[in-house]
Amino acid sequence: YRSKHAGRNIVTVFEETLQDEQSLTLEHELREGLSNGEITVYYQPQIHLSAGTITGVEALVRWQHPTRGLLSPGEFIQLAEECGLIVELGVIVLRMACQEMKLWERQGISYETVWVNLSPRQFQSPDLITSIQDVLRETGLSPTSLGLEITESLAMKNTDLIMNKLRQLRDLGVRIAIDDFGTGYSSLSYLQQFPINVIKVDKSFTRISSDDQNPRFIVTAILALARELNLRVIAEGMEHIEQIHWMRQEGCDYAQGYVVARPMTPEMLTKMHRELCDR
Ligand code: C2E
Ligand code: CA
Ligand code: CA
Ligand code: CA
């Protein structure tokens, strides 16, 4: 018994050490990657359902790793958040997104908004407002063309600190969206108090399932609430045309998802845009 017990401990300790080492390696590589220009941004269009036009784009970070290939945020965002590199990474993404938006403008392509995701640690960073101001000044992008997506779990914490920051952002003129809406267990009262413009209905509520009516009921309720509060609603994660039809029928005007377009490089998006216009 004793030896078995001891053996398990050794294995556990070994595995934990291995995990620590792996994340240390990745942290080191990310630090390198940030300064070596390995961060890129993909863009996923959002469309207006009746007009069929692209109204906005969401910036989604990618890491072009020298040996591991193109990495998705799921593979490094949490690590970046934990080791604090997220603040630096966030500014890089913000700058790239604003630059790209200006580039599109110069090419005669104008989207209402480029949306950038903010993680909780970024949002709480004391430098947030200054770095946004700096990037806007640097790139010459109008604040009204920039949108920031924050998650519901963060917005829910109705503290003075968060409220203050949201007000400062609103005063800058940038747009605010609540991401993954409906996944937090919040009271909805904050929606009325917070200076936000858009809610993005999480994909878990827009699935089409015949056996479970609940998600549909929730979406209908969210749309009614948004209408009352004069908020724009974007349906996220649309994978099937039936979902789009249904959301539209329920009164949702904006959608984003694989059925419309996958996240892509800015060059690919420019090409897609031109093709849409030529039709
Ligand atoms: P999110 O903000 O909810 O972004 C949407 C995610 O869903 C993206 O994954 C997108 O590629 C994916 N998606 C889009 N359409 C569909 C669809 O029809 N079906 C399905 N199943 N998925 C769809 P991605 O790019 O892997 O990003 C994952 C998450 O990583 C994002 O979720 C966001 O929370 C985070 N993230 C991405 N970029 C950044 C960033 O620059 N900064 C920070 N802090 N977080 C980021
Ligand atoms: Ca280096
Ligand atoms: Ca998002
Ligand atoms: Ca989302």
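Which residues are the protein donors of the calcium ion (ligand 4)? They are D179 (OD), D180 (OD), E236 (OE) and E236 (OE), at 2.2 to 2.4 Å from the ion. Donors here are N, O and S atoms within 2.8 Å of the metal (3.2 Å for Na, K and Ca), and water is not among the atoms, so sites may look incomplete.

This is a predicted model, in which local features need pLDDT of at least 70, side-chain atom pairs count only at pLDDT 80 or more, and totals for chains, interfaces and linings use all residues. Residues are numbered from 1 along each chain as its sequence is written, chains are lettered from A and ligands numbered from 1 in the order in which they are written, and side-chain values use heavy atoms, with hydrogens and water left out.

**Calcium site**

Along the sequence, the donor residues of the calcium ion (ligand 4) follow the spacing D-D-x55-E. D179 also bridges this ion and the calcium ion (ligand 3), the two lying 4.1 Å apart. D179 is buried at 7% relative accessibility, whereas D180 is partly exposed at 26%. Buried means under 20% relative accessible area, exposed over 50%, and partly exposed in between (1.4 Å probe, protein chains only).

**Aromatic pairs**

The whole structure contains three aromatic pairs. Rings of Phe, Tyr and Trp (its six-membered ring) pair if their centres lie within 6.5 Å; planes under 30 degrees apart count as stacked, over 60 as edge-to-face and the rest as tilted. Two of these pairs are tabulated below.

| Pair | Centre to centre | Angle between planes | Class |
|---|---|---|---|
| W63 and F76 | 5.5 Å | 80° | edge-to-face |
| W104 and Y111 | 5.4 Å | 75° | edge-to-face |

W63 and F76 are both buried. W104 is buried with a relative accessible area of 0%, and Y111 is buried at 6%. Y43, W104 and Y111 together form one aromatic cluster.

**Cysteines**

The structure holds zero disulfides, a disulfide being a pair of cysteine sulfur atoms within 2.5 Å. C83 is partly exposed at 22% relative accessibility, while C98 is buried at 0%.

**Cavity lining**

The largest cavity is lined by Q46, T55, G56, E112, T113, W115, V198, R232, I234 and Y254. A cavity is a set of points, on a 1 Å grid over the protein atoms alone, where a 1.4 Å probe fits but cannot get out; lining residues have an atom within 4 Å of a point.

Technical notes: 1 Å grid on protein atoms, 1.4 Å probe; cavity = no way out; pocket = protein on both sides within 12 Å on 5 of 7 lines; lining within 4 Å.
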